Amino acid sequence: MRNKSTFSKLLERIKPYSFFVVLSMLLALFSVILTLVIPLKIGQAIDCIGDKTNWGKIIPVFTQVIILSIIVMILQWVMNLINNKITYYVVRDLRNDAIQKIETLPLSYIDSHSQGDIVSRIIADADQFADGLLMGFTQAFSGVVTIIGTLIFMIRMSISITLVVVLLTPLSLFVASFISKKTFNMFKLQSETRGEQTAFIDEMISNEKVVKAFSREEQTIEKFASMNEDLKNASLKAIFFSSLTNPMTRFVYNVIYAFVALFGAIGVISGNMSIGILTCMLSIFMRTSTRE
């Protein structure tokens, strides 16, 4: 229920910029479709190579591939500009609302929370939210469209190989889900520790004369060093374990890639598949795994 509430609040923040969101999705859709068409063209060119290479068919295909690649590059560039624009506006609105909320907070709340913690939420936490939002816009929709498009293209070329991919791919999702659940508490601890450290720094700097008056310099430095060590340990654990997601999922994708290549090679030997189609399937699968 909490995740649904958070997601609904996020949608409310994005709603004023629905036009840009729809435009970004359309650009992502066309970009993914063209990205999947390029391997098909390359496969057609490969099938034209043999004892008598048909250059009359290969050259036009390579020309089409170059044109499609340029179009994809332009679409992705425009899409990234739009995604950055959406993220900037959403985070700007969030910070403005946070400032307005702080101005109306009762003194009891401000007295019970350190200034540094509040500042950390507006600055550091908002930056993390911006990074996550930008990554979501950039990868979420494109990833879904890529997976669906890849399955459609692969089913048309080989149902048996598609079944292999469908049966083995959930392993990577399981691995990613397992690691993300384990790292959630670590990132939460990192955020809390950073807030405490920011609060401590703000209070010590603003009350520097008081610290010197009571000769608390050494105790303050020792406490800061301790908090800094706690933040270092929390950050290292969070970043290390979260970084395991990519290599672990890559390993699973490499295993699936090997199975696709094996079954594809068997299909080529038996005459059920051309070398161009096998190359196309391997290229499409590699593009999908790279995006993921």
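Helix H9 and helix H10 (residues 245-269) pack with their axes 4 Å apart, at an angle of about 10 degrees. H9 and H10 are therefore roughly parallel to each other. The model is predicted: local features need pLDDT of at least 70, side-chain atom pairs count only at pLDDT 80 or more, and totals for chains, interfaces and linings use all residues. Residues are numbered from 1 along each chain as its sequence is written, and side-chain values use heavy atoms, with hydrogens and water left out.

- Axes are lines fitted to C-alpha atoms, for helices over the stretch in contact, and angles run from 0 to 180 degrees between N-to-C directions.
- Angles under 35 degrees count as roughly parallel, over 145 as roughly antiparallel, 65 to 115 as roughly perpendicular and the rest as oblique.
- On the H9 side, Phe241, Ser242 and Ser243 meet Thr245, Asn246 and Pro247 of H10; contact means heavy atoms within 4.5 Å.
- The residues of this contact divide into two nonpolar, four polar and no charged.
- In that division, Ala, Val, Leu, Ile, Met, Phe, Trp, Tyr, Cys and Pro count as nonpolar, Asp, Glu, Lys and Arg as charged, and the others, Gly among them, as polar.

**Overall architecture**

- The chain has eleven helices and zero strands, where helices (H or I, at least four residues) and strands (E, at least two) are DSSP runs numbered from the N terminus.
- Read from the N terminus on, the order of elements is α-α-α-α-α-α-α-α-α-α-α.
- Of the 292 residues in the chain, 31% are buried; buried means under 20% relative accessible area, exposed over 50%, and partly exposed in between (1.4 Å probe, protein chains only).
- Among contacts between residues at least 6 apart in sequence, 83% join residues at least 24 apart.

- H9 (residues 217-243) has 27 residues and reaches 38 Å from its first C-alpha to its last, close to the 39 Å expected at 1.5 Å a residue.
- That expected span is 1.5 Å times one less than the number of residues in the helix.
- Thr220, Met227, Leu231, Ala234, Ser235 and Ala238 are buried in H9.
- Helix H7 (170-206) and helix H8 (208-213) are included in what covers the buried residues of H9.
- Ser215 lies in the loop between H8 and H9, and its phi is near 55 degrees, a positive value in a residue other than glycine.

**Salt bridges**

- The structure holds three salt bridges, each being a side-chain nitrogen of Lys or Arg within 4 Å of a carboxyl oxygen of Asp or Glu.
- In H9, Glu229 and Lys232 lie three residues apart, about one turn of the helix, and their side chains meet in a salt bridge at 3.0 Å, N to O.
- Glu229 is partly exposed at a relative accessible area of 38%, and Lys232 is partly exposed at 40%.
- Lys212 pairs with Glu208 in a salt bridge whose closest N and O atoms are 3.3 Å apart.
- Because Lys212 and Glu208 are four residues apart in helix H8, about one helical turn separates them.
- An α-helix has 3.6 residues a turn, so residues three or four places apart point the same way.
- Lys212 is partly exposed, with a relative accessible area of 49%, as is Glu208, with 44%.
- Arg92 forms a salt bridge with Asp93, with the closest N and O atoms 3.3 Å apart; Arg92 is partly exposed, at a relative accessible area of 35%.

- Ile58 lies in helix H3 (residues 55-104) and counts as buried because its relative accessibility is 2%.
- Not counting residues up to four places away in sequence, Ile58 touches Ala45, Cys48, Ile49 and Thr53.
- Lys41 is 17 residues from Ile58 in sequence and 9.4 Å from it in space, C-alpha to C-alpha.
- Leu282 is placed in helix H11 (residues 275-291) and is buried, with a relative accessible area of 15%.
- Leaving aside neighbours within four places in sequence, Leu282 is in contact with Tyr257, Val260 and Ala261.
- Ala258 and Leu282 are 24 residues apart in sequence, and 9.5 Å separates them in space, C-alpha to C-alpha.
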